Amino acid sequence: MRHPDPHGPPDLTPITVGEVLENPVTGERALILELPWENPAGRGTAELTALAGGRVIGEHRHPALVERFTALEGELTVKRNGQTGILHQGETAVIEAGVWHDWWNASDRDARVRVEIEPGERFVHMIETFFGLVRLGHTDSKGMPYLLQLALCAREFRDVVVFRSPPPAVQRTIFGALTPIARWRGYRATYPQLSRTVPAPRT
């Protein structure tokens, strides 16, 4: 089976401050500092450890949220609208909604970065889904879900993230055609055993 069991038992463990979400493929490790449903702004905040050589899974944009990176230790390379720069300790980069961006750690040491997402609830749901698929081995070597899974995830989370490649218009055509096939083969956009944001009680 190339996907988790869509009828698996839900994980009802509450998400808590201090919890770590980890992607072993991309080298991302996020320590949760603030949960979106616990502040009026709906902000999600985490301390991201980007391992040396680690990078996010691809250039992308967030249609309706703002992302703020503040380097705490080490260096993080950030690309915004085609312009690439390096964040050093104490420096901040703000990624406005709709801006194409990418980031990676090109140095030989781990980087610690404070990441703030506003609004953050849907973003957390997306992250735990993608990271969960990685943990269970349902992604490629770069951490991207396989095509049928990606077709459903991309449509489900299109309000949160849009990847630049292939072009969005091509994605809409291909993923639209693949969606009924993916569902027929048992794929789902999210899975109850991976996505605690929706079913788990909130403290």
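Contact here means heavy atoms within 4.5 Å. Keep in mind that this is a predicted model.

**Starting point: E19**
- You'll find E19 in the segment before β1, the strand that covers 20-23.
- Leaving aside residues up to four places away in sequence, E19 touches P14, A30, L31, I32 and R196.
- Buried means under 20% relative accessible area. E19 has 17% relative accessibility, so it counts as buried.

**The sheet**
- Six strands make up an open sheet, and their order is β1-β2-β3-β10-β5-β8, with antiparallel pairing.
- At the edges sit β1 and β8 (92-95), each of which pairs on one side only.
- Going from one strand to the next, the twist averages 20 degrees.
- As background, strands of a sheet pair through backbone hydrogen bonds, either parallel or antiparallel.

**Who pairs with whom**
- β1 and β2 (residues 28-34) run antiparallel and are joined by four bridges. One detail to look for is V20, whose bridge partner in β2 is L31. L31 is also among the residues that E19 touches.
- β3 and β10 pair in the antiparallel sense too, over seven bridges. Look there for E47, which stands opposite R114 in β10.
- On β5, seven bridges make the link to β10, and these two strands run antiparallel. R68 has E116 as its bridge partner in β10.

**The helices**
- Helix α1 (residues 121-135) lies across β1, β2, β5 (66-73) and β10 (111-118). Its direction is at about 50 degrees to β1.
- Helix α2 (residues 147-156) is largely enclosed by the rest of the structure, because seven of its ten residues are buried.
- Those buried residues of α2 are L148, Q149, L150, A151, L152, C153 and A154. They pack against α1 and α3 (168-184).

**The largest cavity**
- How many cavities of 30 Å³ or more are there? The count comes to two.
- The largest cavity holds about 500 Å³ of space.
- Its lining is made of 33 residues, and E28, E67, F123, I127 and F131 lie nearest its centre.
- Sorted by class, the lining of the largest cavity has 22 nonpolar, eight polar and three charged residues.

**The second largest cavity**
- About 40 Å³ of space lies in the second largest cavity.
- F130, L150, C153, A154, F157, R158, V161 and F163 line the second largest cavity.
- Helix α2 provides the largest share of that lining, three residues.
- By class, the lining of the second largest cavity counts seven nonpolar, no polar and one charged residues.

Methods. Residues numbered from 1 in each chain as written. Predicted model: local features only at pLDDT ≥ 70, side-chain atom pairs only at ≥ 80, totals over all residues. Heavy atoms only, no water. Buried < 20%, exposed > 50% of the residue type's maximum accessible area, 1.4 Å probe, protein only. Pairing = 2+ DSSP bridges. Axes fitted to C-alpha atoms, helices over the stretch in contact; angles between N-to-C directions. 1 Å grid on protein atoms, 1.4 Å probe; cavity = no way out; pocket = protein on both sides within 12 Å on 5 of 7 lines; lining within 4 Å. Points joined across faces, edges and corners; volume = space filled by probe spheres on them. Nonpolar A, V, L, I, M, F, W, Y, C, P; charged D, E, K, R; others polar.
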